[in-house]
Amino acid sequence: MSRKGKIFTLIVVDTILMLLANLIAYFFVVPYVSLPRNIYIISFLLQWISYLILGFFFHVFTRVNRFTDLREIIWICAANILSSTITIFLVLSFFRTGSLRYATLTFLLSLFFICSSRVGWRILTEYRSHSKNIHQHLKKTLIIGAGAGGSILLSSLNNASNHSDIQVIGLVDDDPDKVRTIFCGKKVLGTVDDIPRLVREYQVELLVIAIPSLCPKDYERILDVANQVKIPITSMPSLEEIAEGTVSVSKLREIDVIDLLGREEIDLDMELIQDSIQGKTILITGAGGSIGSEICRQLIKFAPKQLLLLGHGENSIYLITKELQQTCTMHDIVLTPIIADIQDRARLDEVMMEYQPEIVYHAAAHKHVPLMEYNPMEAVKNNIFGTKNVAEIAKQHHVEKFVMISTDKAVNPPNIMG
């Protein structure tokens with residue numbers, strides 16, 4: 001049905017209900033009060049015209065009935081109260097035969113009938129919607145947060161138009177005053193610390209964080225608790241998706257590392273990076289390691305002139321060289337594998353002198369803390385004196401930019417690695 005058709009239907013329904021209210025009030029009052037029939041007709045017409053004008057002013061007929069809530073009921077009440085007040089004032093002012101008792105009863109019945117029609121329609125549409133999902137598997141879901149976010153999410157899930165595959169079994173909230181209360185029709189079952197128990201007790205399959213203002217520290221705490229039960233944890237979708245009425249498991253957003261940062265994600269200036277790398281000769285120490293190899297993969301995208309892949313292990317350098325050669329087919333980039341130890345100062349000097357790199361990415365370091373605690377002298381020789389060698393040789397050969405990647409050399413010193 002078109003929007004105009006729905007508005008016309010609402011006007012017709014409200015008119016019939018108002019007429020019914022007037023009839024019932026008239027036949028109820030007539031035995032006790034002498035009331036001419038023309039007063040009944042005049043009262044009905046005045047109330048109906050006033051209600052129509054106020055109804056359009058308060059958008060009573062343009063609201064979506066399947067989403068009827070307290071706000072819609074309040075506007076319907078306002079339109080009925082004002083229209084009845086106008087009717088009572090006009091009838092009693094111009095017709096001495098008017099009855100305040102009749103007008104009041106008409107108002108109460110009209111209000112009851114019209115509000116009941118809206119609420120009844122929402123109940124019917126929700127029942128029809130939920131009955132369609134009886135044979136569908138619904139994920140038992142526990143919502144974290146009985147606040148504004150939880151209210152918005154639950155309201156969306158309860159909408160008749162939202163064919164959700166989520167079954168909310170309850171909520172948790174750290175506010176002790178909310179525990180064991182009913183929130184938007186669902187019970188607050190406990191606090192965040194109760195999640196493992198509730199997951200086992202109710203066979204929960206999904207956790208949803210519904211706290212938009214949650215700080216990174218609290219995010220981390222919730223994730224620590226959720227990790228104990230090994231079930232998926234997501235956060236509520238955007239307000240745009242909720243407004244579309246399409247909240248489902250597929251729409252819930254996975255927890256991102258950005259949520260734990262405590263700040264906005266920093267966007268890299270790709271043009272600036274391109275300008276600083278393109279056409280340059282770049283030396284990467286530790287190029288075969290986990291960090292160094294990823295640096296090589298990223299640098300390839302910016303079309304450097306030459307990559308010097310320096311490492312101590314021949315196998316790892318061989319593997320990263322073969323991998324990058326497949327990528328380099330689209331770019332005219334020279335790949336030069338170099339087997340060298342950063343503790344060998346003479347060999348570093350020889351490499352720098354031969355290739356004259358303009359940028360050095362220093363990623364060579366022993367990184368396995370437990371292993372290095374058994375071999376502290378190797379950690380000192382490689383991570384400290386090796387770094388010293390690379391930095392000094394780079395300075396000696398006038399390298400434009402020296403980037404020290406490994407943070408192992410900058411952490412607080414609680415052990416030999418620091």
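**Figure 1. Helices H10 and H11 pass each other in a right-handed crossing.** A crossing is right-handed if the near helix is turned clockwise from the far one by less than a right angle, and left-handed if anticlockwise. Helices are DSSP runs of H or I with at least four residues, numbered from the N terminus. The axes of H10 and H11 (residues 314-327) come within 11 Å and cross at roughly 15°; axes are lines fitted to C-alpha atoms, for helices over the stretch in contact, and angles run from 0 to 180 degrees between N-to-C directions. H10 and H11 are therefore roughly parallel to each other, a label given to angles under 35 degrees, with over 145 counted as roughly antiparallel, 65 to 115 as roughly perpendicular and the rest as oblique. Ser293, Cys296, Arg297 and Ile300 of H10 make the contact with Ile320, Glu323, Leu324 and Thr327 of H11, where contact means heavy atoms within 4.5 Å. The model is predicted: local features need pLDDT of at least 70, side-chain atom pairs count only at pLDDT 80 or more, and totals for chains, interfaces and linings use all residues. Residues are numbered from 1 along each chain as its sequence is written, and side-chain values use heavy atoms, with hydrogens and water left out.

Figure 2. Ser293 counts as buried because its relative accessibility is 8%; buried means under 20% relative accessible area, exposed over 50% and partly exposed in between (1.4 Å probe, protein chains only). Apart from neighbours within four places in sequence, Ser293 is in contact with Gly286, Ala287 and Ile320.

**Figure 3. Helices H2 and H3 pack at an angle of about 140°.** Their axes lie 8 Å apart, and H2 passes H3 in a right-handed crossing. H2 and H3 are therefore oblique to each other. On the H2 side, the residues that meet H3 include Ser43, Gln47, Tyr51 and Leu54; their partners in H3 include Ala79, Ser83, Thr87 and Val91.

Figure 4. H2 has 21 residues and reaches 30 Å from its first C-alpha to its last, close to the 30 Å expected at 1.5 Å a residue. The expected span is 1.5 Å times one less than the number of residues. Buried residues of H2 include Ile39, Tyr40, Phe44 and Leu52. H2 is followed by His59, whose phi is positive, near 60°. H3 (residues 70-94) has 25 residues and reaches 36 Å, close to the 36 Å expected. Among the buried residues of H3 are Glu72, Ile76, Asn80 and Ser84.

**Figure 5. The largest nonpolar core has 27 residues.** A nonpolar core is a set of buried Ala, Val, Leu, Ile, Met, Phe, Trp, Tyr and Cys residues joined through side-chain atoms within 4.5 Å. Tyr51, Val60, Phe61, Ala79, Tyr102 and Ile114 have the most contacts inside this largest core. H1 (3-29), H2 (37-57), H3 and H4 (100-132) each supply at least two of its residues. H1 gives the most, with nine residues. Another core lies apart from it and has 21 residues, among them Leu142, Ile169, Ile209 and Leu223.

**Figure 6. Surroundings of Val60.** Leaving aside neighbours within four places in sequence, Val60 is in contact with Leu10, Tyr51, Gly55, Trp75, Ile76, Ala79 and Arg118.

Figure 7. Lys388 is partly exposed, with a relative accessible area of 43%. The C-alpha atoms of Lys388 and Arg345 are separated by 9.6 Å, and the two residues are 43 residues apart along the chain.
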